[in-house]
Amino acid sequence: MLNQQEQKLLKIIDQNQNEIVACLQKLINYKTITPQDDDVARGDDYKNLQNYITSIIKDIGFEVDTWEVDASKLPTFPGSGVKQDRDLSNMPVVAGKLKGKGLGKSLILNGHYDVVPPGLRKNWKYDPFGGEIKDKKIFGRGSNDMKGGIAAMVQAIKFIKKAEIELAGDVIVQTVPEEEASCMGTLSCCQRGYTADAAIIPEPTGMNVLVAVRGGAYGKITVFGRAGHAELTQPHWKEGGAVNAITKAMKIIQAFEDLTKEWKARSDKQHKYLDPDKIMATVINGGEWVVTYPEKVEIEFGCQFIPATKNAINEISDAVNKVTLNDDWMKENPPKLEFHDQWWYGAEISEKEPIAQLGFEALKEIGYSPKFMGFGSLTDCIHLINYSKIPTISLGPKIKTAHMANELVSIKELVDTTKAIALSIVRWCGTENG
Ligand SMILES: [Zn+2]
């Protein structure tokens, strides 16, 4: 049940929807694309976006801390995903703190402002960085994942102030880069000492409460053959004959498929909210000449796993070894299996955690029938949960168009996300008046 103060707050949000929409449009205008590698030329859009956020939260009364992440100084440990040689200059992190007026619980609101590349312009009906509105939907890269969430969280705080509600506990706003590549922006916030009794990341969740994400490991396997004329009959390889690396690579790909099937059936890979572990070949390169036996095939792969899986890399290595030992050629010419240095742990909290229950109730209050859910891919919550031990949930709009052309968020869901966050803040931090 909403109390009077909460009713007033939601009414103010309804009456000022245009401000949330305008904020999101402005955020979309900044081209804050995650660099794919370190030599991508970076403009000032990252800085300008962060200056815009800073101006909003300073007006509310936040003390603001801004810094650039030096990846070489971040902690590295198994599961951290840290890539110490990545250049994160000119991509600032902003963390602002609004001191509570009493002894309430503290809350972090965290959002990533980097977005994946828009892809081909011809597949977009609207300018990917235009923030155009059509049929009560806002279009643009990041509208959904997750500049909409950032607009919702900073506007929620603004409206709490407008409603003259004095929060008892501290609120910390963090806007970070790099979620789409490494999660090092949020790890840097954690390392800098920012902590709270709970955290909310308004990533898209379909107006549900996200409590679990899978971890990820990535790597490459190089399979070797022996070159020879493709159109001549070759002797056995032991007599010097050619060997087709593509045919050998098929065995590796099959091993990945079999491993996924095995994991799917295994009891230790089952999770209440997540699919079982999975490994998939995602990039393949091989062969040299159309009439030559291919000498080499490179397969890149990605593996996602539930938080309880601590040894995905060993399990993959074992599966590759098994194939190698069962093939005379590969036994003598073993494929080279390499994992990228960085892999990311999964994360989960119990749905019984007070913040999970509170987010769930907030969504119900504004007319949704939420569910607790998991997400197959990881988010910045991994560091808040694992490194800083902060119970963290996500709630936000439908995820359907994230990373796609014509990414959108409906104005209704944007406004409702703002309401759910505003209610969550007020109820979590407590109030000193009303
Ligand atoms: Zn996201």
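Colleague: How far apart do the C-alpha centres of domain 1 and domain 2 lie?

Modeller: This is a predicted model, in which local features need pLDDT of at least 70 and side-chain atom pairs count only at pLDDT 80 or more, while totals for chains, interfaces and linings use all residues. Residues are numbered from 1 along each chain as its sequence is written. The domain assignment, whose bounds come from an automatic or database source, gives domain 1 as 4-213 + 346-429 and domain 2 as 215-339. The distance between their C-alpha centres is 38 Å.

Colleague: Which strand gives the most to the side of domain 1 that touches domain 2?

Modeller: Twelve residues of domain 1 are in contact with ten of domain 2, contact meaning that C-beta atoms, placed from the backbone, lie within 7 Å. Strand 8 (209-213), strand 13 (347-348) and strand 14 (372-375) each supply at least two residues of that side of domain 1, strands being DSSP runs of E with at least two residues and helices runs of H or I with at least four, numbered from the N terminus. With three residues, the one that gives the most is strand 14.

Colleague: How many of the 19 residues of helix 11 are buried?

Modeller: A residue is buried if 20 or more other C-beta atoms, placed from the backbone, lie within 10 Å of its own, exposed if 12 or fewer, and partly exposed in between. Helix 11 covers residues 411-429, and it is largely enclosed by the rest of the structure, because the number of its residues that are buried is 17.

Notes. The expected span of a helix is 1.5 Å times one less than its number of residues. Two residues are in contact if their C-beta atoms, placed from the backbone, lie within 7 Å.
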